[in-house]
Amino acid sequence: MGIAQAIKELKNELPSTVKLVAVSKFHPSELIKEAYDAGQRIFGESRPQELYKKVNELPSDIEWHFIGHLQTNKLKLVLPYVSLIHSVDSKRLLYEISRYAESHALCVRALLEVHIATEQTKQGFSSDELFELLDGISQQPLPGVKVCGLMGMASFVDDRAQIRGEFETLASLFSKVREKYGDCLADFSELSMGMSEDYPIAVECGSTMVRIGTRIFGARNY
């Protein structure tokens, strides 16, 4: 299946309430342009230098999302160019983003990454850490940052019941955050969960944003 056909099928399949993020990391600009020509506008990258290079090679109306682990010393390669960061996985990173954004007159939209998988290698906040962070933000808002929702990755397993349980856990946290902090988090509306292997379950569990790469572009070129 070609890239254009894959995008068409996904957009027909996904509800209108769910945004498609085409995960273009490790793929060349030529393939991204093919997806762009098929109508796709949101692309996800995970390496700052690769993102910076592609921003300068591809159309200016692309909406870039950063979906990988972001190091604080790479903020200048990412923050000026992306419309959303999916992967804020620590208090330190969030506060560094705020400092950079304020000093460069930026408004950075960000999702907080929650650890819901069994693999310890995955990043993210625990539920206790999440509420502790949000308690602080609710009392003293961070300049230059809008916390727009949550992101999570399910375990890389074949057990669909386990995957569903992990997505339901994240969706429940999302609802609790909206209920508790809705007044001070006016932009909190996105739940980014679901990838090529498990996005149908994520959508059923309330995802508003799916990150799909392999189904669109095929296997990655490392």
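The backbone oxygen of Gly152 lies 3.4 Å from a polar atom of the Arg211 side chain. The model is predicted, so local features need pLDDT of at least 70 and side-chain atom pairs count only at pLDDT 80 or more, while totals for chains, interfaces and linings use all residues. Residues are numbered from 1 along each chain as its sequence is written, and side-chain values use heavy atoms, with hydrogens and water left out.

Arg211 belongs to strand 8 (residues 209-212); strands are DSSP runs of E with at least two residues, helices are runs of H or I with at least four, and both are numbered from the N terminus. The side chain of Arg211 also makes a polar contact of 2.8 Å with that of Ser192. Arg211 is buried but has no salt bridge, and Asp198, the nearest side chain of opposite charge, is 6.9 Å away. Here buried means under 20% relative accessible area (1.4 Å probe, protein chains only), and a salt bridge puts a side-chain nitrogen of Lys or Arg within 4 Å of a carboxyl oxygen of Asp or Glu.

Elsewhere, strand 2 (residues 42-45) pairs with strand 3 (residues 63-66) in the parallel sense over 4 bridges, pairing being assigned if DSSP finds at least two bridges between two strands. Within this pair, Phe43 stands opposite Trp64 of strand 3.

Definitions and conventions: Buried means under 20% relative accessible area, exposed over 50%, partly exposed in between (1.4 Å probe, protein chains only). Lys and Arg count as positive and Asp and Glu as negative; His and the chain ends are not counted. A polar contact is a pair of N or O atoms within 3.5 Å; within protein, one must be able to donate a hydrogen and the other to accept it, and residues adjacent in sequence count only if both atoms are side-chain atoms.
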